[in-house]
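The sequence and the structure come first, and the description follows.

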Amino acid sequence: MSPSSSSSSSSSKNLSILFIFFIIIFFSFLVPSAGTESNHPSIGITYNNRGGTTTHQIVSLLQSLKINSIRLPDSDPEIIRSFSYSGISLLLSIPNSLITQIASNQSEALHWLNHHVTPFYPRVHISTISVGNNVLDEKEKEEEEEATSDSNHSDFLLSAMENVRQALDELGIDKIKVSTTFSFINVITTAFPPSSAEFQQPLAESLMKPLLGFLSETNSSFLINLYPYNLYRNNPEITIGYAIFQEHPFVFRDDLLTGVRYRNLFDMMVDSVLTAMALQGHENIPLIVTETGWPSSDESKDMDANHVYAELYIKGLVRHLKSGFGTPLRRDGVAETYVFELVDDETKDNAQTRRHWGILYPNMTKKYDLDFSGSIGMSDMSMMPFGIWLFAVMLMR
């Protein structure tokens, strides 16, 4: 081989190595590192206890699905007990019917905790207690039925939360957070543009402002039920692809005030909540989405409630949350998200049509091929720089 040929070969190899080094640096910035995996939001599931399933089955199911957190609207002590040493985190709920008496007497809060928390904690990992669920929606229904003001649980909500917090402190339990759960449609004025969102009046001043103060002082999270499905059905201008995380070049909406581009409805709704909290002076409170999902069937024959859309929504949600990209207004995004729900509800209720939201059929078989661990998607790319580096080393030999 001539000297010039050898020099040309060496130069070509050096250029290849420089190019590969550039690719390594590029992906190091593009791909979240393995060390940031813990910053990804926890993805859990809601389980409504309707009988027919043993507690052992529930724990085994969640472990097989790689789900590490569960929300129990019906906080049955026997179900709570079954999660001992399971490594699965629980979000418990106190029924709306108990809010008034807990608000009036702290001993009632202690009584509930002594039945649902202290016999199991810390063998069972309990992260949060929601005092009531969607209380404002219940208040609207009561007002329509001309109920008396004594039954408006929202009037006693903050006092009940404070009594539960004080009762936990008396028990020496400071790691369990106390909050309450709202519904997006009952508390937020608008989803678009997010920059114009705020809490509905008169709730903003009478309830939300002091409640957010409580959450901030106790390092607790704001809990909200958030369904892009409901917003999509009520707004014809929203496309189905935008609602179910289909990433296409022209599927987006721009907030002209902030210049932010939104590529899915979930982020838009989340940032609307964050904007409303920021207007009250609390932009740093963590946000937990306590319910979200898409129905796979609907007895009212809604064509958009189908198996295909439901699977696309849940898979898109998991992929988006595990990407670690957060939302346009908050790099960390939501702290936790709970998919609604684990098992289809087969109970019959003549008062309303039944939609099926479960990721499992009533016989406990899977509807969809889901992976909640986050092992598919961007997390797989965390090893890409290493692979390229190894390839470069091989070229240098």
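In this model, which is predicted, I224 stands opposite V289 in strand β9. On its other pairing, I224 in β6 is the bridge partner of F182. These two positions belong to strand pairings that are set out below.

| Strand pair | Sense | Bridges |
|---|---|---|
| β5 (residues 177-183) and β6 | parallel | 3 bridges |
| β6 and β9 (residues 287-292) | parallel | 4 bridges |

Strand β6 comprises residues 222-225, and cover is present on both of its faces. F222 and I224 are buried on one side, while L223 and N225 are buried on the other.

**The chain as a whole**

The protein chain contains 14 helices and 12 strands. Of its 397 residues, 49% are buried.

Helix α12 spans residues 265-279 and has 15 residues. From its first C-alpha to its last it reaches 21 Å, which is close to the 21 Å expected at 1.5 Å a residue. The helix is mostly covered, with 13 of its 15 residues buried. Just after α12, G281 adopts a positive phi of about 85°.

Which residue has a side-chain oxygen that reaches towards the backbone nitrogen of F266 at the start of α12? The residue is N264, whose side-chain oxygen comes to within 3.2 Å of that nitrogen. N264 itself is placed in the loop between β8 (260-262) and α12. A polar atom of the N264 side chain also lies 2.7 Å from the backbone nitrogen of D267.

Is N264 buried or exposed? Its relative accessibility is 6%, and N264 therefore counts as buried, since the term applies under 20% relative accessible area. When neighbours within four places in sequence are left aside, N264 is in contact with Y242, F245 and H320.

Taken together, the passages above describe two regions of the chain. In one, β6 pairs in the parallel sense with β9 and runs parallel to β5. In the other, the N264 side chain approaches the backbone nitrogen of F266 at the start of α12 and that of D267.

Technical notes:
Residues are numbered from 1 along each chain as its sequence is written. This is a predicted model: local features need pLDDT of at least 70, side-chain atom pairs count only at pLDDT 80 or more; totals for chains, interfaces and linings use all residues. Side-chain values use heavy atoms; hydrogens and water are left out. Buried means under 20% relative accessible area, exposed over 50%, partly exposed in between (1.4 Å probe, protein chains only). Two strands pair if DSSP finds at least two bridges between them. The expected span of a helix is 1.5 Å times one less than its number of residues. A polar contact is a pair of N or O atoms within 3.5 Å; within protein, one must be able to donate a hydrogen and the other to accept it, and residues adjacent in sequence count only if both atoms are side-chain atoms. Contact means heavy atoms within 4.5 Å.
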